[in-house]
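Hi there,

Here is the structure I promised to pass on to you. Have a look at it first, and then read on for what turned up.

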Amino acid sequence: MKGIRLAAVIAGAVASVAILAPGAGSRTAAPKICKVEYTSGLEFVFKRFKTHPEAVTYRNKVLTNGFQNASIVEGCDGFFRVVVRGIDSFDVAVDLQAEAKTANYAGTIECIQGKDAASELEVVLGHRPTRADAADLVTRAAELGFVDLQTEPDPCGGFEVMVKGFQDRSQADDFVQEAKANGFDAVIEQS
């Protein structure tokens, strides 16, 4: 008799928790919340999967084959991507794709468009394919008196060299005119 009562008490407690827990027993799924990307750049996508366990198994295979920076990223489309991120230039991405093909991985090179943290005016002095080329542009600009320049990854590889912090459009226009007078192909962008 004690066993039956204990089972009844446990069943009652479980039912109480189910009643008190919001959404318990509900067949509607929680809303999908997508992660905002804050960094632009390139990624090499080995493959997409519907479930996380499938992606983990595949990523472990990719790691075993020597692609040590492979990770899993869940996309807003509901798929889990096995990827390598942090690729600076399109040339490096193409080299990685060629290397992956030698291990029978037919992946794709894709762009990540990061969201800028603030919407402000910036003047871009130029785009360069590599970090070293962007650094050379910064050095050349500094020699001509343009200081406080920054480099930032472009969404599909390469880097842009720019300056921020303008009070208004007129000030940015003046900077563009001065940069163009010194041989730069400067343009105003809203970040």
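Predicted model: local features only at pLDDT ≥ 70, side-chain atom pairs only at ≥ 80, totals over all residues.

The bridge links distant parts of the chain, since Arg-81 belongs to strand S3 (residues 80–87) and Glu-43 to strand S1 (residues 41–49), 38 residues apart.

Glu-43 has another partner too: its side chain meets that of Arg-85 in a salt bridge of 2.8 Å, N to O. Here again distant parts of the chain are linked, with Glu-43 in strand S1 and Arg-85 in strand S3, 42 residues apart.

Arg-85 has a relative accessible area of 29%, which makes it partly exposed.

Next, please find Lys-164 and Glu-120. Their side chains also meet in a salt bridge, at 4.0 Å from N to O. Lys-164 lies in strand S7 (residues 159–164), while Glu-120 lies in the loop between strand S4 (108–112) and strand S5 (121–128); the two are 44 residues apart, and the pair links distant parts of the chain. Lys-164 is partly exposed at 25% relative accessibility, and Glu-120 is partly exposed at 29%. Through salt bridges that share partners, Glu-120, Glu-122, Glu-152 and Lys-164 are joined into one network.

How many salt bridges are there by this rule? The count comes to eight.

Finally, here are two loop residues to look up. Asn-104 is not a glycine, yet it has a positive phi of about 65 degrees. You will find Asn-104 in the loop between helix H3 (90–102) and S4. Its relative accessibility is 72%, so Asn-104 counts as exposed, because exposed means over 50%.

Asp-148 also has a positive phi, near 65 degrees, and is a residue other than glycine. Asp-148 sits in the loop between helix H4 (131–143) and strand S6 (150–153). With a relative accessible area of 63%, Asp-148 is exposed.

Methods. Residues numbered from 1 in each chain as written. Heavy atoms only, no water. Helix = DSSP H or I, 4+ residues; strand = E, 2+ residues; numbered from the N terminus. Buried < 20%, exposed > 50% of the residue type's maximum accessible area, 1.4 Å probe, protein only.
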